[in-house]
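Please keep the sequence and the structure in view while reading.

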Amino acid sequence: MKIGIDLDETITEAPAFFAVLTQALRGRAEIHIITAREPGTEAGVTAELHALGVHFDVLKITLDKAGYIARAGITVFFDDRDEHLCGVPEGVTVFKIRESSNFCFETGRWRYSPKTGVEAEEWPY
């Protein structure tokens, strides 16, 4: 199993959870940290992840997260941004992290753009 995890507003939103998750999966899954940080910042990102206690096997800095996920054979992906989740291959299980830039806590509603979502009718529960 290959697992991809975004850094900013994903790991940084729940660092204790991702430290426990990645340590528990050590040797059981290949962990890819996929971030849109600036190229050339790998050493700083690695130090930050180690300080947070996050284990990883691969660090990838890219703006094309969906393309990387497809090429690398990632099967599970955590991210907070719909823009990064929309282009992921259908067979990839995605987990969206809720945080203040993608969820309005006052209204209890998700935020999306016309590029990433369509308004749905109410679910018939």
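Helices here are DSSP runs of H or I with at least four residues, strands are runs of E with at least two, and both are numbered from the N terminus. By that count, the protein has five helices and seven strands. The model is a predicted one.

**Overall build**

- Read from the N terminus, the order of elements is β-α-α-β-α-β-α-β-α-β-β-β.
- The radius of gyration is 15 Å, which agrees with the value near 14 Å that a compact globule of 125 residues would have.
- Along the principal axes, the C-alpha atoms occupy a box of roughly 45 × 30 × 30 Å.
- Of the 125 residues, 38% are buried.
- Among contacts with a separation of 6 or more, 57% are between residues 24 or more positions apart.

**Surface and charge**

- The protein has an accessible surface of about 7,700 Å², and carbon and sulfur atoms contribute 55% of that surface.
- There are 13 positive and 20 negative side chains.
- The centres of these two sets of charges are 4 Å apart.

**Helix α4**

- Helix α4 is largely enclosed by the rest of the structure, because six of its eight residues are buried.
- The buried residues of α4 are Lys 65, Ala 66, Gly 67, Tyr 68, Ile 69 and Ala 72.

- Thr 62 is found in the loop that runs between β3 (58–61) and α4 (65–72).
- With a relative accessible area of 14%, Thr 62 is under the 20% cut-off and therefore counts as buried.
- A polar atom of the Thr 62 side chain lies 3.0 Å from the backbone nitrogen of Asp 64.
- Beyond its neighbours within four places in sequence, Thr 62 is in contact with Ile 34, Thr 35, Ala 36 and Tyr 68. One of these, Tyr 68, is also among the buried residues of α4.

**Arg 37**

- Arg 37 sits in the loop between β2 (30–35) and α3 (42–52).
- Its relative accessibility is 23%, so Arg 37 counts as partly exposed.
- The side chains of Arg 37 and Asp 8 make a polar contact of 2.7 Å.
- Setting aside neighbours within four places in sequence, the residues in contact with Arg 37 are Leu 7, Asp 8, Val 45, Glu 48 and Ile 61.
- Gly 87 is 50 residues from Arg 37 along the chain, and the C-alpha atoms of the two are separated by 19 Å.

**Asp 82**

- Asp 82 belongs to helix α5, which covers residues 82–85.
- Is Asp 82 buried or exposed? Its relative accessibility is 16%, so Asp 82 counts as buried.
- The side chain of Asp 82 is joined to that of Lys 96 by a polar contact of 2.8 Å.
- Not counting residues up to four places away in sequence, Asp 82 touches Arg 111, Tyr 112 and Thr 116 as well as Lys 96.

Note on methods. Residues are numbered from 1 along each chain as its sequence is written. This is a predicted model: local features need pLDDT of at least 70, side-chain atom pairs count only at pLDDT 80 or more; totals for chains, interfaces and linings use all residues. Side-chain values use heavy atoms; hydrogens and water are left out. The radius of gyration is taken over C-alpha atoms; the globule rule is 2.2 Å times the number of residues to the power 0.38. Buried means under 20% relative accessible area, exposed over 50%, partly exposed in between (1.4 Å probe, protein chains only). Contact means heavy atoms within 4.5 Å. Accessible areas come from the Shrake-Rupley method with a 1.4 Å probe; for residues, only the protein chains shown count as cover. Lys and Arg count as positive and Asp and Glu as negative; His and the chain ends are not counted. The place of a charge is taken as NZ of Lys, CZ of Arg, CG of Asp or CD of Glu. A polar contact is a pair of N or O atoms within 3.5 Å; within protein, one must be able to donate a hydrogen and the other to accept it, and residues adjacent in sequence count only if both atoms are side-chain atoms.
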